[in-house]
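Please keep the sequence and the three-dimensional view at hand while reading.

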Amino acid sequence: MASHKLLLRPCTVADIPSLAILHNTCFAGPRNELIYGNVTIEDKLKHYEDGLRVYFDNSSSDSHAEPYNVVCIVDATLDNTIISYAIWVQFSNGYLPSSDPQTQHSYLPSGANEALILESERKAAEIRSAHPARLQPHWHLSTLCTHPDHEGRGAASMLINWGLKRADETGMVNCFVESTPRGLDVYKKRGFTEEVGVLEMDMSGHEGGEKVGVARWVALMREPKK
């Protein structure tokens, strides 16, 4: 299918249920199963919806210093179904865990692996605080996912480019992302060429995690384009 059938638009609160379902589809796998294996699908989707709602609640507040940008790609040939979405966070005063919804949680569904969630949040905060450039204003691509049936159509590139363009326009600041080994090539082609940290989690220390082993993410930085 031609890429001109794909349209980029801002997400709204009304999109939250669709985004939660897409998130659940994109991030299904052994690690997700280890965290949510004992959680009903209804409770898991509610958990995702609650997590997404934070971005919309805070971005609508004039007093909040860290604007959140939730954008998506819809397919015009599929009744404008959302096939991909991204969350770009602008840290105007440098990284603070208290301003990062991915390192804070207020609700955990019954049956979730709380210890693993807390470890994930702690390690994410650590790697996002480690590099000196992250103490300065910057943009962070905190979430990017595309429905498996629509990979390779350019949706992810459209969402990445959207954020990079705005980061350059609004202040010529660095951009950061954490990538699995599988996604490294996608980000490096978009200019995230400097590796600035590694996050590793040994899942074998958690019940049922022996088959998952060590999960690994690489922190990447992209310098502004002059």
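Which strands does helix α1 lie across? In this predicted model, helix α1, formed by residues 16–26, lies across β2 (68–75), β3 (81–91) and β4 (138–146). Its direction makes an angle of about 95° with β3.

These strands belong to an open sheet of seven strands, whose order is β1-β2-β3-β4-β5-β7-β6 and whose pairing is mixed. The edges are formed by β1 (6–10) and β6 (194–202), each of which pairs on one side only. On average, neighbouring strands of the sheet are turned by 20° against each other, direction ignored.

β3 is mostly covered, with nine of its 11 residues buried. On to β4, β3 is again joined by eight bridges, and these two strands also run antiparallel. Here the bridge partner of A86 is L144 in β4.

The next pairing has another sense: β4 and β5 run parallel, joined by four bridges. H140 stands opposite F176 in β5.

How many residues of β5 are buried? Six of its six residues are buried, and the strand is thus mostly covered. N174, F176 and E178 point one way from β5, whereas C175, V177 and S179 point the other way. β5 then pairs with β7 in the antiparallel sense over five bridges, and C175 has R222 in β7 as its bridge partner. Finally, eight bridges join β7 (residues 214–222) to β6, and these strands run antiparallel. V198 has V218 in β7 as its bridge partner.

A further helix lies over another part of the sheet. Helix α4 (residues 114–130) lies across β4, β5 (174–179), β6 and β7, at about 160° to β6. α4 has 17 residues and spans 24 Å from its first C-alpha to its last, close to the 24 Å expected at 1.5 Å a residue.

The interior can now be considered. In soluble globular proteins, nonpolar side chains tend to be buried together. In this model, the largest nonpolar core has 41 residues, and those with the most contacts inside it are L19, Y36, L52, V70, Y85 and I87. The elements giving two or more residues to this core are α1, α2, α3 (41–59), β2, β3, α4, β6 and β7. Beyond residues up to four places away in sequence, L52 touches I16, L19, A20, Y85 and I87. A second, separate core has 23 residues, including W162, V173, C175 and Y187.

Not counting residues up to four places away in sequence, D100 touches Y68, F91, Y95 and R128.

Most residues other than glycine have a negative phi. D79, in the loop between β2 and β3, has a positive phi near 55°. D79 is exposed because its relative accessible area is 72%, above the 50% limit for that class. M172, in the loop between α5 and β5, has a positive phi of about 50° although it is not a glycine. M172 is classed as partly exposed because its relative accessible area is 35%, which lies between the limits of 20% and 50%.

Note on methods
Residues are numbered from 1 along each chain as its sequence is written. This is a predicted model: local features need pLDDT of at least 70, side-chain atom pairs count only at pLDDT 80 or more; totals for chains, interfaces and linings use all residues. Side-chain values use heavy atoms; hydrogens and water are left out. Two strands pair if DSSP finds at least two bridges between them. Axes are lines fitted to C-alpha atoms, for helices over the stretch in contact, and angles run from 0 to 180 degrees between N-to-C directions. Contact means heavy atoms within 4.5 Å. The expected span of a helix is 1.5 Å times one less than its number of residues. Buried means under 20% relative accessible area, exposed over 50%, partly exposed in between (1.4 Å probe, protein chains only). A nonpolar core is a set of buried Ala, Val, Leu, Ile, Met, Phe, Trp, Tyr and Cys residues joined through side-chain atoms within 4.5 Å.
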